[in-house]
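I am keeping these notes while looking up a few residues and contacts one after another. Each entry records what I looked for and what I found.

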Amino acid sequence: MLEIKDLNAWYGESHILHGVDFNVQEGEVVTLLGRNGAGKTTTMKSIMGLVPRREGHVTFKGVETIGMMPNHIAKAGIAICPEERGIFGSLSVTENLMLPPIVAPGGLSVDEIYTLFPNLKERARTAHGTRLSGGEQQMLAIGRILRTGAKMLLLDEPTEGLAPVIVQQIGRTIREIKNRGFTVLLVEQNFRFAATVADRHYVMEHGKIVDMIPNKDLENSMDKLHEYLGV
Amino acid sequence: MIMIFGIPGPLLFGQLLLGLINGAFYAMLSLGLAVIFGMLNIINFAHGALFMMGAFVAWMLLNYVGIGYFPALILAPLIVGAFGIVLEKTIISRLYKLDHLYGLLLTFGLSLVIEGLFRNGYGSSGLPYRIPAALQGAVDLGFMFMPIYRGWVVLAAAVVCLATWAVIEKTTLGATLRAATENAPLVQAFGVNVPRLITLTYGGGIALAAFAGVLAAPIYSVNPNMGTNFINTVFAVVVIGGMGSILGSIVTGFALGVVEGLTKVFYPQASATVVFVVMVIILLTRPRGLFGKAA
Amino acid sequence: MNVSRRAITLGGFAAAAGTIAPLTAGRAQGKPTLRVGCLTDMSGPYKDLAGPGAVSAVKQALQEFGVAGKGFDVEVLVADHLNKPDVGTTVARQWFDRDGVDVIVEVANSGVALAVANVAKEKNKVYLNTGAATSDLTAGACSPNTIHWVYDTYMLAQSTGAAMVKSGGDSWFFITADYAFGKALQRDTTDFVTNAGGKVVGSVTYPFPGTTDFSSYLIQAQSSGAKVLGLANAGTDTINTIKQAKEFGIKMRLAGLLLFLTDVHSLGLEVAQGIVLTDSFYWDMNDRTRAFSDRYSVNMKGTRPTMVQAGVYSSITHYLKTATAMGIEKAKLDGAATISAMKAMPTEDDCFGAGSIRADGRKIHPSYLWEVKKPGESKGPWDYYKAVASTPADTAFRPLDKGGCSLVKA
Amino acid sequence: MFGFSRPQLIAFLVLLVLIVFLPFVLYPVFLMRVLCAALFACAFNLMIGYVGLLSFGHAAYFGMGSYVAAWTMKVWHVDASIAIALGGLTGGILGLGLGYLAIRRSGIYFAMITLALAQMVYFFCLEAPFTGGEDGIQQVPRGFLFGFINLSNDLTMYAVVAVVFLGGFLTIHRIIHSPFGQVLKGIRENEPRATSLGYRTDDYKLIAFVLSTTLTGIAGGTKALVFGIATLTDVHSSTSGEIVLTTLLGGLGTVFGPVMGAVVMTSMENYLAQFGAWVTVTQGVIFMICVLAFRRGIIGEIGNALKLKL
Amino acid sequence: MTDTILETTGLTREFSGFVAVDGVDLRVKTGTIHALIGPNGAGKTTCFNLLTNFLTPTRGTIRFKGQDITGMKPAMVARKGLVRSFQISAVFPHLTALENVRLALQRARGASFDFWRAESALDVFNDRARQLLQDVGLPDLSNVIVADLPYGQKRALEIATTLALEPEMMLLDEPTAGMAHGDVDTIVQLIKRIRKGRTILMVEHNLSVVEGLCDTITVLTRGKILAEGDYATVSKNPEVIAAYLGSADA
């Protein structure tokens, strides 16, 4: 579904991605693991067209997106839940939820989203999105992209800074949306969490993919993984 | 007669009312400026010049095409707004990644060009533009003689300000705008055509200025310098209100009009300077302005 | 005759050669060349009342004087002083020092006028001011090299102030621009009003420049109960004040202390009707002024000259007469001597008729109080004024001994 | 010498030669005007180019320096050297007072606050009786330097202006290349880091501001002496705008840029004086071209092309 | 209480409703290397900004060497001997490496306000600056513009600059972030070398770095202290494992 070949990206003078190669099959949940600064978030942004300069190939459903503007990439059916959630403080919760335009039929209805995240419904009247707790913000950030009908979701560290109980809920959500046929690319530092949701794991180091570990082999690869991640 | 601070009460009420009328212009101009700043991160120094263009376009419509005041009130903002869109597309869009200063300098240059061209073409002693027949005359309010047209200005300005505020605060388009002000790349990544949104915002802000220009045309003569006279004060309004704050610019616009009106009674020479005094005080005590968000 | 419009080339290093060339290589035929510099406001608030019209008046004067047969050339230089005294002095110095200019004419703007007068004196050249209002030019700042041609604040104040009181306007309120010119106008007018038995009940001084809204001041004026509203300002400010006075239904009589024909034209008779003002020249005064104005109109797209533009014509004409009489070479050599000769010779032209120039550099002629016609009274374009009163030449200006000019022997 | 690099030294020598020989070719009064503008621009550049703060109200210091020098010359008949020094002192003291307030804000807020403060200074000059309102202080005698050098001759005056300019120019260069200048660079590059090293950055900015306004005051005082006139134009916000343009045009943060900017701007003002409003149109167009096409300015672009720091 | 160099009580910082640091009581012993760890968003950097007064705490006090420094200007804090580094490399990019270090030496030894003296007055610091550059393992780069250096070398330079102030206590914000394996080791060795005579508080992600280096570890999650102790203790704490490494049963 998503095919990335020799992806390079730069911020100003600094060359962040040095030829990233990986792919995500339809219906899969795939994670990008790696240390801080390895280039995971930059990879996400590069897929979305959010870096100042990128080269290589990002093919989505067979269409090359490398020269496209972010809004066109979004219309093609990729949605991002960014690092630190990207909740808009000047928008109410409902406005945040309704913000991303519908790009295709088949998205979740607002009611379905509320069923998925009951907390959100209670907080729907909250004036400012940033008044929500971290967990609620994360739910909102995921919920709003489920509405758009995009089938490919990029989730950037959805568990960051969250309490274990919330992390569990996020995990359930990801499995749920996988069951509904969504494809997910997940950036995680928390590989134990990743292990509970993902089919495959790519490991990044210095702007490159250095390894791919299928989830079933994860237990056997623990030593390798500790080495990669420095934990 | 009631005396307040040694000034006859009726006179003081009159001054407050007049302050409000001027405040209406400040509010409309600073509103556009605030919207543009919030969205484009550009301090649009050319705002005064485009305000002036609004008045000139109304004058041209009347004198060259025979289109009167009320149609001009719609047409002139559209025409000048379209000009703004062209400006944004061709010139201003090149500056988004640079420091504020460059936007300020570029639009400053732009205003010099626009004003110079009109001064060359139409001189600077001003062209007459008559109050439309329907709004001529005045009402005696007891404490002052209130021209109907001035009343219309306050009304029109208040409606336009409220409408703009409502669009930004209460509609989906407005929500998208606010979101794009916070984090434009993310909004674009959701599939919104942010560059077009930015262009339209600039056009809209300019149209607001032009609308104010048409409103001003019958009061002040249509003059190439009419924008320059306003622009410094309007900047002060935006800074005091909190840069980019919609509500801040509306409230501060009206409030400063009143402050200025009162100064005209007590120390008229300083009425042009008082806004700067207020601005310095505000900047030193509340760095982000009255309604600005903390950094 | 050779009338050219040459750039003042003191620009960048590259222009250096161009600066010198006209002085050394030019005019090989050996005929002397008089150079007239018209320094005026080509872009600012006084553009319409002076500006291009003044330049046209210079050319008209040259043409009608008929330089061709007189054995010398005349070259005209034009510059915009941008209403900045330092720009004015720089241009004046440049003209005198480098470009061989013999006479500077016009300079509407008192600050610039005073500055140019100093330079003209320093360089011993001729300076004929028509556009500035300040009566200092013939008082403390008077100079053997300057003639103040058309009007000054004293004349305006006396004509408008005294005459209004006589016709019943005995209580005044001033709206005054906060700068020296406005304040001088108010001060002088106050003197005449009180001397004539009237009184000033109040005044308000507003920031200048930059004020566009006068409604506040107008209702202060209205509530003062005065009968006459004296407008001690000029240009766009006056226009705006008058418009807004009409809008706010101000019932007072408006006295424009300095209002030009072009201002009235811009206001339109509907708004301007009934205002009284003082001018020393109006195009429709008599056959000679009409004839002059018709000739002027040909070059100026049908507009009529203001008193400033008429003054340019008048002053240049007189200068040419004097210079021809005393000899071009001599006139070029010594500005003060030329001015003395001009003072010695009576003036005579289509615009102001017969007149003379006093020892302090004041050109004297009658002043006239006009009232702006009602729209119904106007019979055609630019038919705006009707005469109300006049002050004869010998009393229209400040008495010679009152100014304190050093050129006047006690 | 003075921390000039080799190409800078060559450029400086060229400048020196031009300053010495040009008055015999070009009109000295024009050159004096250029030099005053150049000193003003160099002083302004000290703030924007080396501290990174845009002062939108530098006319206040230029104008006040000009007024004080003119007034003391005319009324107290002080020596020309003292008048110029007093002009500088005025700029410095005013800069200390206003800078103390302005320096607490940065970026666009600094620009706005300096603009507002300058507007107040303008208002003061408009209202204060000694400035002569819009007529300004006129007929200021050039007087004598050190009691015996008569300045009424243009070439003598020129020599004085040239010395003042060179003095100012070299002073600025020395400031930039001093231990203090090194700290300024640090603050411009990374202010939080400078703070974390224990620098009270506001103090440094304020000192730089005062140095800049002092030199600006000297430029104003010298100008008043040359033209015998001090007017509201000198304190007006348009002068503040022009000096920004001058510096931008020449090249922000370059050594010779402000000088080049002053040459071009002054020439243009003179050349275009007869074309009325085209002056502002041309200035506006140049402003826009500078911002859009060559943000480094003339000298900056030349330096970049030649890979030299000029 | 001479053995405690830095102590906070109830340190709290709120950002418009969101509590980034929540009642942190931190105590750093003199002469130790103390690590502040925790998942992203736990409030470590905010904590750093509070300690050096780049941010003002909403509540709570900070004492350094027994003196209350809450609300003191950041520059003064630095002058007291508490000097920080930044997460994003904090160098002066358009100066040379030598000038970077010299700028710190200059502050420590005066001559900073001398605007009338030539730059060469600073040459007296050159030897010490070169020494410091050498100490952090930077080759002879004295005349290279820092912007052109690779990331790891910038970090090293930053440490050299901080060392130039000879601070009693250093706060290092993720000194090894974004570094290659080899570079990490260099930095670890460096920190080991410079710890003599000073106290170091560092934020670090790389647990293997922390393990080998730090005496005490404080684990922060969601603005609060979760656990404290040496590596062995902390790494066995189940709560820490859950919060930091992620729980397996999620």
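Is A:V20 buried or exposed? I looked this up first, keeping in mind that the model is predicted. A:V20 counts as buried, because its relative accessibility is 0%, and buried here requires under 20%. I find this residue in strand β2 of chain A, which covers residues 14-24. Leaving aside neighbours within four places in sequence, I list its contacts as A:I4, A:K5, A:D6, A:L7, A:T43, A:M204, A:G207, A:K208 and A:I209. I also checked A:P100, 80 residues from A:V20 along the chain, and the two C-alpha atoms are separated by 28 Å.

Next I turned to A:S90, which sits in the loop between β6 (78-81) and α3 (93-98) of chain A. A:S90 also counts as buried, at 17% relative accessibility. Beyond its neighbours within four places in sequence, A:S90 is in contact with A:E95 and A:H128, and with B:R178 and B:E182 of chain B.

In chain B I looked for nonpolar surface and noted a patch formed by B:F13, B:L16, B:V139, B:L141, B:F143 and B:I148, with about 460 Å² of accessible area together. Of these I followed up B:F13, which is placed in helix α1 (residues 9-40) of chain B and is partly exposed, with a relative accessible area of 41%.

I then went through salt bridges, for which the count over all chains comes to 49. C:D152 pairs with C:R362, the closest N and O atoms being 3.1 Å apart. This pair links distant parts of the chain, 210 residues apart, with C:D152 in the loop between β5 (146-148) and α5 (153-166) and C:R362 in the loop between β12 (353-357) and β13 (363-364) of chain C. Both C:D152 and C:R362 are buried.

For C:K386 and C:E377 I noted a salt bridge of 2.9 Å, N to O; C:K386 is partly exposed at 27% relative accessible area, and C:E377 is partly exposed at 30%. C:K123 forms a salt bridge with C:E122 at 3.6 Å between the closest N and O atoms, and C:E122 is partly exposed at 46%. I also recorded a network of salt bridges that links C:E64, C:R288, C:R295, C:E348 and C:D350.

My last entry concerns chain D, where the axes of helix α11 (residues 237-250) and helix α14 (residues 297-306) come within 3 Å and cross at roughly 15°. The two helices are therefore roughly parallel to each other, since angles under 35 degrees count as such. Where they meet, D:L248, D:L249 and D:G250 of α11 face D:G297, D:I298, D:I299 and D:G300 of α14 in contact.

Technical notes. Residues are numbered from 1 along each chain as its sequence is written. Chains are lettered from A and ligands numbered from 1 in the order in which they are written. This is a predicted model: local features need pLDDT of at least 70, side-chain atom pairs count only at pLDDT 80 or more; totals for chains, interfaces and linings use all residues. Side-chain values use heavy atoms; hydrogens and water are left out. Patches are made of residues with over 30% relative accessible area and no salt bridge: like charges are joined within 9 Å, nonpolar side chains (Val, Leu, Ile, Met, Phe, Trp, Tyr) within 5 Å. Accessible areas come from the Shrake-Rupley method with a 1.4 Å probe; for residues, only the protein chains shown count as cover. A salt bridge is a side-chain nitrogen of Lys or Arg within 4 Å of a carboxyl oxygen of Asp or Glu. Helices (H or I, at least four residues) and strands (E, at least two) are DSSP runs, numbered from the N terminus. Buried means under 20% relative accessible area, exposed over 50%, partly exposed in between (1.4 Å probe, protein chains only). Axes are lines fitted to C-alpha atoms, for helices over the stretch in contact, and angles run from 0 to 180 degrees between N-to-C directions. Angles under 35 degrees count as roughly parallel, over 145 as roughly antiparallel, 65 to 115 as roughly perpendicular and the rest as oblique. Contact means heavy atoms within 4.5 Å.
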